Amino acid sequence: MRIDKFLKVSRLIKRRTLAKEVADQGRITINGKVAKAGSAVKVGDELAIRFGQKVVTARVEDLRENVRKEEAMNMFTILKEEKLDKIEPQFIDDEE
């Protein structure tokens, strides 16, 4: 299954287009490698997703095409959530 579809079906990210944008920005890794929106994900893979100043690491537990809202949490296990303290270099304004 594609990573953008998994993120949408599992409800880690609400919309597939948003999941595609996040992947295209290089903010998702699968097993430590940067993932594109079309990258394949399988059971047991470890995902790291950067949401602003937070990185969420999750393990894929199940792959399904359609899932009810109540069952979506069973598709993954949150391993850790880390808060990022430092500012990314591209956001620093050096022109003063």
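# Chat about a predicted model

Q: Is Arg64 buried, exposed or partly exposed?
A: Arg64 counts as partly exposed, at 30% relative accessibility. For the cut-offs, buried means under 20% relative accessible area, exposed means over 50%, and partly exposed is in between, with a 1.4 Å probe and protein chains only.

Q: Before we go on, what kind of model is this?
A: It's a predicted model, where local features need pLDDT of at least 70, side-chain atom pairs count only at pLDDT 80 or more, and totals for chains, interfaces and linings use all residues. Residues are numbered from 1 along each chain as its sequence is written, and side-chain values use heavy atoms, leaving out hydrogens and water.

Q: OK, what's the mean pLDDT of the protein?
A: The mean is 85, and 89% of the residues reach 70 or more. pLDDT is the predictor's confidence in each residue, on a scale from 0 to 100.

Q: Where does pLDDT stay under 50?
A: Over residues 91–96, and for those the model has one contact beyond four places in sequence. Contact here means heavy atoms within 4.5 Å. Where pLDDT is low, the predicted coordinates should not be read in detail.

Q: Back to Arg64. Which residue forms a salt bridge with Arg64?
A: Asp62, with the closest N and O atoms 2.9 Å apart. A salt bridge is a side-chain nitrogen of Lys or Arg within 4 Å of a carboxyl oxygen of Asp or Glu. The side chains of Asp62 and Arg64 are also joined by a polar contact of 2.9 Å. A polar contact is a pair of N or O atoms within 3.5 Å; within protein, one must be able to donate a hydrogen and the other to accept it, and residues adjacent in sequence count only if both atoms are side-chain atoms.

Q: And where's the place of Asp62?
A: Asp62 is in the loop between strand E4 (54–60) and strand E5 (76–83). Strands (E, at least two residues) and helices (H or I, at least four) are DSSP runs, numbered from the N terminus. Asp62 is partly exposed, with a relative accessible area of 25%.

Q: Which residues does Asp62 touch, not counting those up to four places away in sequence?
A: Phe6, Val43, Asn74 and Met75. The C-alpha atoms of Asp62 and Val43 are separated by 5.8 Å, and the two residues are 19 apart along the chain.

Q: How many salt bridges does a search of the whole structure find?
A: Ten. One of them is Lys54 with Glu81, whose closest N and O atoms are 3.6 Å apart. That pair links distant parts of the chain, 27 residues apart, with Lys54 in strand E4 and Glu81 in strand E5. Lys54 is partly exposed, at a relative accessible area of 35%.

Q: What about Glu70, which residue does it form a salt bridge with?
A: With Arg68, and the closest N and O atoms are 3.3 Å apart. Both Glu70 and Arg68 are exposed. Elsewhere, salt bridges that share partners join Arg2, Asp4 and Arg16 into one network.

Q: New topic. What's the order of strands in the open sheet?
A: The five strands go E2-E1-E3-E4-E5, with antiparallel pairing. Two strands count as paired if DSSP finds at least two bridges between them. Strand E2 (33–34) and E5 are the edge strands, each pairing on one side only.

Q: How many bridges join E3 to E4?
A: Six, and the two strands run antiparallel. Glu46 stands opposite Arg59 in E4. E3 and E4 form a hairpin with two residues between them, and Gly52 in the turn has a positive phi of about 60°.

Q: Over how many bridges do E1 and E3 pair?
A: Three, in the antiparallel sense, between E1 (residues 28–30) and E3 (residues 46–51). Ile28 has Ile49 as its bridge partner in E3, and for Thr29 the partner is Ala48.

Q: Is Thr57 buried or exposed?
A: Buried, with a relative accessible area of 5%. Thr57 is found in strand E4. Beyond four places in sequence, Thr57 is in contact with residues including Leu47, Ala48, Ile78 and Leu79.

Q: Last one: how many residues are in the largest nonpolar core?
A: 22, and those with the most contacts inside are Ile3, Phe6, Leu7, Ile28 and Leu47. Helix H1 (3–9), helix H2 (16–24), E1, E3 and E4 each supply at least two residues of the core, with the largest share, four residues, coming from H1. A nonpolar core is a set of buried Ala, Val, Leu, Ile, Met, Phe, Trp, Tyr and Cys residues joined through side-chain atoms within 4.5 Å.
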